[in-house]
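Student: I have a model open and want to read its side-chain features. Can you walk me through them?

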Amino acid sequence: MEVIHIYHTNDLHSHFENWPRIYELLRERKKWHDEAGEAVYLFDIGDHLDLSHPYTEATKGRINTELLNKERYDAVTIGNNEGITLPYEALDHLYDDALFDVIVANLYKNNGERPAWAIPHQIYKTAKGTKVGVIGITAYFEQLYELLGWKLTEPMQELSKQIEELRGQVDIIILLSHLGINDDEMIATNHPEIDVILGAHTHHIFHQGKIINNNLQGAAGKYGYYVGHIELKVDDLKEVIDKKAILYETSKLPIANEEEAVIENYYLQGKQALSEKVVTIDEYYAREVLAKMLCEKLVSWCHSDCAILNEGLILNGLQAGDVTFFDLLSICPHPINPCNVTLTGAELKEILLDMKAEKWETMQVKGLGFRGTLMGKMISAGITQEKSGERDRYYIQSKEIKANHSYVVTVPDMLTFGNFFPSIYRAAKKDYFLPEFMRNILAVTLRKETG
């Protein structure tokens, strides 16, 4: 009988404060298993990086690759934070120095070729001859990848193709899936030949795994709060006779003190790397003022009729003096882009009425690229309002909004991914602007404002 150990992480989102404990666990466990003559593999399931951390932003994720190298990971797949928050060139060079495999089956260049740094699957052979086939799949944000210069294929079709290629070549199939829990469960139902699915993207947690159709699912939440461990027992005929999963809570693990000092310094290094001056302002700008300036700028930036923005995108104001890229990252850390949504006048007026609700200012938001806490007051630009008796009249460029006319409205892309306003969420025509984030547009706005 052979025992194979798999350790997995996912959705770290550059929460480096948890990495020293992860480092110590994986270093120690790898040593244990090597000494026992047992196979061990380390996999990351994507979104290891997050540009909200200054050092990740400054290095465009290269520091994350360095950490994975140091930990001697065997393979990773990419998440949406690698795939669609980095410009094309940054992603294309993210893994130049990688000492591990980057496995992502459904990513191509626009010309249909695979990027040089990515492979659709890999076969690992243990010392006892067991062949382990590993496939990687990432979330299907087809339009956003296309805007950045990539081509993304439909995950389920690509997965079926890779399984077919591995059939007969391997004894075990493992899927690194940055698709989310619902897709993972569907895959487990439809593909009993997959032995293990290591999940990510939806930040779900399986403390002892989950069995569906003889498939073992493992998932370790987010931010490095947990490290996953899969143990497979294989008989002499190369059949898996037992499989189990466990999570280790990172906060309860010992820490590598020398690594902790290194990690703590990353924030300072990032701050220093982003210390270039963007603009000098001669007065304090409150966050509400900055949000209004940004909202107004979006109309001209995106050539729209009007714009809608949540003030919570701006976390703090800016003091008078030099404003650096680090300052802008600190007050607007979100990997959120503008999006033009085409709405009817009736839909737009419904949104404008809903925007008045007090709920927005205290609404807590997690995910969707948002790195703040509260949604914040909803504001608009390019729209004026006039009271007429008991009802409100709304105007765009001095013309009253007409119910059946179409209007182009710029919004933060998070409003198109989350169902905050049903008409925005359901809109058929959405045009995203990449790679500029809101903080990049705010930088342009401040430069113009100060002349």
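Predicted model: local features only at pLDDT ≥ 70, side-chain atom pairs only at ≥ 80, totals over all residues.

Student: How many aromatic pairs are found in the whole structure?

Tutor: Rings of Phe, Tyr and Trp (its six-membered ring) pair if their centres lie within 6.5 Å; planes under 30 degrees apart are stacked, over 60 edge-to-face, the rest tilted. The search finds 15 pairs. One of them, Tyr 95 with Phe 100, is edge-to-face, at 6.0 Å centre to centre and 80° between the planes. Tyr 95 also pairs with Trp 117, tilted, at 5.5 Å and 40°. Ring pairs link Tyr 88, Tyr 95, Phe 100, Trp 117 and Trp 150 into a cluster.

Student: Is Leu 309 buried or exposed?

Tutor: Buried means under 20% relative accessible area, exposed over 50%, partly exposed in between (1.4 Å probe, protein chains only). Leu 309 has 0%, so it counts as buried. Contact means heavy atoms within 4.5 Å. Leaving aside neighbours within four places in sequence, Leu 309 contacts residues including Ala 291, Ile 379 and Met 438.

Student: What does Glu 24 touch, not counting residues up to four places away in sequence?

Tutor: Pro 254, Ile 255 and Ala 256. Glu 24 is buried too, at 15% relative accessibility.

How values were computed. Residues numbered from 1 in each chain as written. Heavy atoms only, no water.
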